[in-house]
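Please keep the sequence and the structure in view while I speak.

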Amino acid sequence: MVIGTDQGRDVRAVYHGRVAYADWLPGMGLLVIVDHGDGYMSLYGHNQTLFKEAGDWVESNEPVALTGSSG
């Protein structure tokens, strides 16, 4: 599911977990993937700025990026 919003808004993690990927991906732009365990992951793409790096832990509702239009 892709959820649209205005550029420059906080992108917040839906649940706690560990960042598995935080970089550019063709077609998705700047992308953050959070691994929540038990096979669940959330992906946050088309960002203008990333706040997290691979390996970082995040809490539920914590900002992980700013929305943009990359990708």
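This is a predicted model: local features need pLDDT of at least 70, side-chain atom pairs count only at pLDDT 80 or more; totals for chains, interfaces and linings use all residues.

Let me begin with a term: strands here are DSSP runs of E with at least two residues, numbered from the N terminus, and two strands pair if DSSP finds at least two bridges between them. With that in place, please turn to β2 and β3, which form a hairpin with three residues between them. Gly27 sits in the turn and has a positive phi of about 85°.

Now to the chain as a whole. The protein chain contains zero helices and six strands, and its pattern along the sequence reads β-β-β-β-β-β.

Strand β2, residues 17-25, and strand β3, residues 29-37, run antiparallel and are joined by seven bridges. Within this pair, Arg18 has Asp35 of β3 as its bridge partner, and Val19 stands opposite Val34 in β3.

On to β3 and strand β4, the latter being residues 40-50: these pair in the antiparallel sense over six bridges. Val32 stands opposite Tyr44 in β4. These two strands also form a hairpin, with two residues between the strands, and there Asp38 takes a positive phi near 55°.

Strand β4 is also joined to strand β6, residues 63-67, by three bridges, and the two run antiparallel. Here Thr49 stands opposite Leu66 in β6.

Returning to β2, we find that it pairs with β5 in the antiparallel sense over two bridges. The bridge partner of Gly17 in β5 is Val58.

Gly8 lies in the segment before β1, which spans residues 10-12. Is Gly8 buried, partly exposed or exposed? Its relative accessible area is 37%, and Gly8 is therefore partly exposed, given that buried means under 20% and exposed means over 50%. Not counting residues up to four places away in sequence, Gly8 touches Gln48, Leu66 and Thr67. By contrast, Gly8 and Glu59 are 51 residues apart in sequence, and their C-alpha atoms are 21 Å apart in space.

For 71 residues, a compact globule would have a radius of gyration near 11 Å; the protein chain has 11 Å, so the two agree. Taken along the principal axes, the C-alpha atoms fill a box of roughly 30 × 25 × 20 Å. Of the 71 residues, 30% are buried.

How much of the contact count joins residues at least 24 apart? Among contacts between residues at least 6 apart in sequence, that share is 48%.

As for the surface, the protein chain exposes about 4600 Å², and carbon and sulfur atoms supply 52% of that area. The chain carries 4 positive and 9 negative charges, whose mean positions are 5 Å apart.

Thank you for your attention.

Definitions and conventions:
Residues are numbered from 1 along each chain as its sequence is written. Side-chain values use heavy atoms; hydrogens and water are left out. Helices (H or I, at least four residues) and strands (E, at least two) are DSSP runs, numbered from the N terminus. The radius of gyration is taken over C-alpha atoms; the globule rule is 2.2 Å times the number of residues to the power 0.38. Buried means under 20% relative accessible area, exposed over 50%, partly exposed in between (1.4 Å probe, protein chains only). Contact means heavy atoms within 4.5 Å. Accessible areas come from the Shrake-Rupley method with a 1.4 Å probe; for residues, only the protein chains shown count as cover. Lys and Arg count as positive and Asp and Glu as negative; His and the chain ends are not counted. The place of a charge is taken as NZ of Lys, CZ of Arg, CG of Asp or CD of Glu.
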